[in-house]
Amino acid sequence: MALFHVARYSGPEAPGAESEADGRARALLERLQCRARERQQQKQPQQQAAARTSEAAGRRRRRPRRPRRREGSGAPGSPHAPPGKRRKVDGEDSRAGSSEEAPGESGADAEGAGPPEHPGGRPPGEASGPPAHALLLGGFGRSRAPKVQPFLPSWLAEPSCVGKSVTEDLVPIEHIPAVHPDMQKKLRAHGISSYFPVQAAVVPALLESTANGFLVARGGYRPRDLCVSAPTGSGKTLAFVIPVVQALLGRAVCQVRALVVLPTKELAQQVSKVFNIYTDATPLRVALITGQKSLVKEQESLVQKTADGFRCLADVVVATPGRLVDHIDQTPGFSLQHLRFLVIDEADRMIDSMHQSWLPRVVEAAFPSDGAKDPFVLLQRRQPQAPTAASISCPQMPLQKLLFSATLTQNPEKLQQLGLHQPWLFSTGLTHRDPGDSDADRDSGGKYAFPAGLSHHYVPCSLRTKPLAILHLILEKNFSRVLCFTNSRENSHRLFLLVQAFGGVTAAEFSSRCGPGQRKAVLKQFEQGKIQLLISTDATARGIDVQGVQLVVNYDAPQYLRTYVHRVGRTARAGRTGQAFTLLLKVQEKRFLRMLAEAGVPDMTRHDVPSELLQPLVPRYEEALSQLERAVKEERRQKAP
Ligand SMILES: Nc1ncnc2c1ncn2[C@@H]1O[C@H](COP(=O)(O)OP(=O)(O)OP(=O)(O)O)[C@@H](O)[C@H]1O
């Protein structure tokens with residue numbers, strides 16, 4: 001419901017003062033019209049000249065032309081003529097991730113240049129040449145139209161602020177007595193003596209919503225859904241693991257009560273490991289369903305056939321969306337009717353995968369329409385409707401959604417797809433946002449928080465020197481764990497072959513070229529320090545927590561800010577320091593630096609690699625290049641039918 005409650009984000013007007021607002025809007029409209037008229041008059045000589053030119057051209061062509069619908073003013077030949085066309089190109093650029101323009105910016109421009117709402121309901125400039133006094137919009141040429149004040153639901157506009165620093169804003173474990181002493185003991189046993197800020201904020205809030213049992217939160221209300229946006233490596237996993245495990249400890253019968261959905265197998269495996277640590281020596285059981293094992297094996301970890309039906313074997317299920325739907329469809333006895341927590345980690349990415357319809361399938365399974373026929377269902381569940389006396393007299397198990405990400409979308413429309421109930425946002429990164437950033441879901445306009453210990457660098461280079469620059473960087477830094485990102489699996493593979501042929505560094509690749517088993521083994525070796533350089537696609541960009549990654553290199557510059565945030569977030573985790581280097585071609589430099597500056601990336605330093613330093617590497621590099629060529633040819637030959 002709260003999603004539909006509209007609040008002015010940071011506008012100067014008091015809510016409710018409608019007549020005053022109307023008056024102001026009218027005055028603004030008049031001012032705009034007046035300005036438009038002045039400009040129109042100034043432009044008249046130019047337009048006449050342009051019209052004469054186009055008339056002459058028309059005569060030369062002697063072809064009848066269909067009148068074109070114009071969004072802006074100005075004759076076709078004038079510099080102001082094609083705003084519609086220009087906007088389309090911008091849109092295409094942003095979708096294609098053009099290096100000329102930061103994604104999202106084009107969208108913002110389009111919005112800025114687009115017609116604002118007209119309180120009087122009068123349409124913008126007509127195509128049939130309106131008189132000067134009737135020109136409302138589109139007569140502004142290249143000047144920017146005033147920005148439309150965006151509206152945000154109040155829960156998004158006013159988040160609960162979470163401290164940013166995981167080294168300073170720590171809260172000692174004993175300061176949150178709501179966490180069970182046994183859990184505190186376990187945390188200490190795993191080297192955790194204080195909560196990170198996001199944990200200190202989210203853990204008590206979640207525990208409070210389960211303090212009265214599973215059915216109702218404080219005051220007898222249905223618990224609110226939580227959205228958490230905090231930097232990479234700030235401990236979001238424990239922020240949901242601790243309260244979920246503690247809440248489930250009191251359960252009598254094993255049923256699937258917590259479901260965690262993540263975008264990749266590796267990430268799901270990592271989160272299930274954390275659950276295993278904190279459910280160890282408790283009756284709670286955790287099942288991992290990602291497709292790494294056969295369907296039958298996974299089914300055996302979920303349900304057991306008994307004489308009178310099925311017995312559930314998992315309290316917590318950690319899953320990837322595709323495999324989860326497979327089990328909903330194909331595993332007899334797999335029931336989500338007792339589901340109490342639905343954790344959506346990397347929520348922005350999971351929203352992007354909503355086309356797979358995994359969420360409606362989960363909700364359908366949690367609130368089955370034929371539940372009333374099942375004699376074993378103690379608490380019948382129905383999809384919550386508007387509360388009535390009858391509906392609240394019979395409390396039913398609520399399904400609480402918990403969303404986590406370092407780059408949680410701020411787009412209310414996208415979040416609305418999740419059907420959140422009175423959502424409550426915890427956020428670190430939104431305190432310094434401009435009102436204009438509110439429509440920031442074009443992936444670059446929003447400002448995300450970065451870990452304090454992370455330093456950002458860029459290396460200007462050319463296509464020819466790029467491979468040499470990365471080899472130099474890795475040899476120069478000589479770190480034991482370096483994660484290098486490319487934009488495609490082909491690029492990862494070729495760079496891997498090149499580095500291997502060059503020698504001097506133990507390298508491996510990680511992409512969809514490798515099978516799940518190989519990927520698992522590579523990650524393990526990287527964790528163990530057996531691999532010095534891991535060359536990867538964005539498959540490892542999110543969530544992967546490998547201790548001791550000191551350097552992240554973007555061999556290919558990321559096209560979107562969100563991608564940058566997650567990639568560089570593989571280092572400087574949990575209060576440690578780390579470095580991020582991005583190799584930039586000349587054509588990428590301007591756009592990339594602008595994107596990061598707008599995102600508020602602190603101090604991006606330029607790191608020049610002088611050609612004298614690269615020169616000694618050239619002979620070895622050329623030898624490696626010819627080896628690479630041979631290897632690629634051989635691979636092609638093997639692939640050929
Ligand atoms: N209170 C704490 N004290 C010390 N270390 C912690 C604490 N909480 C979490 N950690 C450690 O911090 C690291 C990062 O945690 P986690 O993976 O949960 O980060 P995250 O916020 O989910 O990051 P990402 O957004 O990249 O997924 C982990 O190695 C975890 O063990």
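These legends accompany close-up views of a predicted model. Local features need pLDDT of at least 70 and side-chain atom pairs count only at pLDDT 80 or more, while totals for chains, interfaces and linings use all residues. Residues are numbered from 1 along each chain as its sequence is written, and side-chain values use heavy atoms, with hydrogens and water left out.

**View 1. The two domains of the protein chain.** Let us start with the overall division: domain 1 covers 154-368 + 396-427, and domain 2 covers 454-638. These bounds come from an automatic or database domain assignment. Taken over C-alpha atoms, the domain centres are 33 Å apart. Domain 1 gives 19 residues to the contact and domain 2 gives 18; contact here means heavy atoms within 4.5 Å.

**View 2. The eight-stranded open sheet.** Here the strands run in the order β3-β14-β6-β13-β12-β7-β11-β8, with parallel pairing. Strands (E, at least two residues) and helices (H or I, at least four) are DSSP runs, numbered from the N terminus, and two strands pair if DSSP finds at least two bridges between them. At the edges stand β3 (160-161) and β8 (286-289); each has a single partner strand, so one side of each lacks a neighbour in the sheet. Follow β8 to its pairing with β11 (residues 316-319), which is parallel and spans four bridges. Within it, I289 has A319 of β11 as its bridge partner.

View 3. Look for β19 (residues 551-554) beside β20 (residues 578-585), paired in the parallel sense over four bridges; L551 has its bridge partner, Q579, in β20. Axes are lines fitted to C-alpha atoms, for helices over the stretch in contact, and angles run from 0 to 180 degrees between N-to-C directions.

**View 4. Helices α6 and α7.** The axes of α6 (residues 197-209) and α7 (residues 236-248) come within 9 Å and cross at roughly 25°. The two helices are therefore roughly parallel to each other; angles under 35 degrees count as roughly parallel, over 145 as roughly antiparallel, 65 to 115 as roughly perpendicular and the rest as oblique. Their crossing is right-handed, meaning that the near helix is turned clockwise from the far one by less than a right angle. From α6, V198, Q199, V202, V203, L206 and L207 meet K236, L238, A239, I242, P243 and Q246 of α7.

**View 5. Helices α5 and α8.** With axes 10 Å apart, α5 (residues 181-189) and α8 (residues 265-279) pack at an angle of about 120°, and are therefore oblique to each other. M183, K186 and L187 of α5 make the contact with I277, Y278 and T279 of α8.

**View 6. Helices α10 and α12.** Helix α10 (residues 321-330) packs against α12 (residues 358-366) at about 35°, with the axes 10 Å apart. Touching residues are P321, L324, V325, I328 and D329 of α10 and W358, R361, V362 and A365 of α12.
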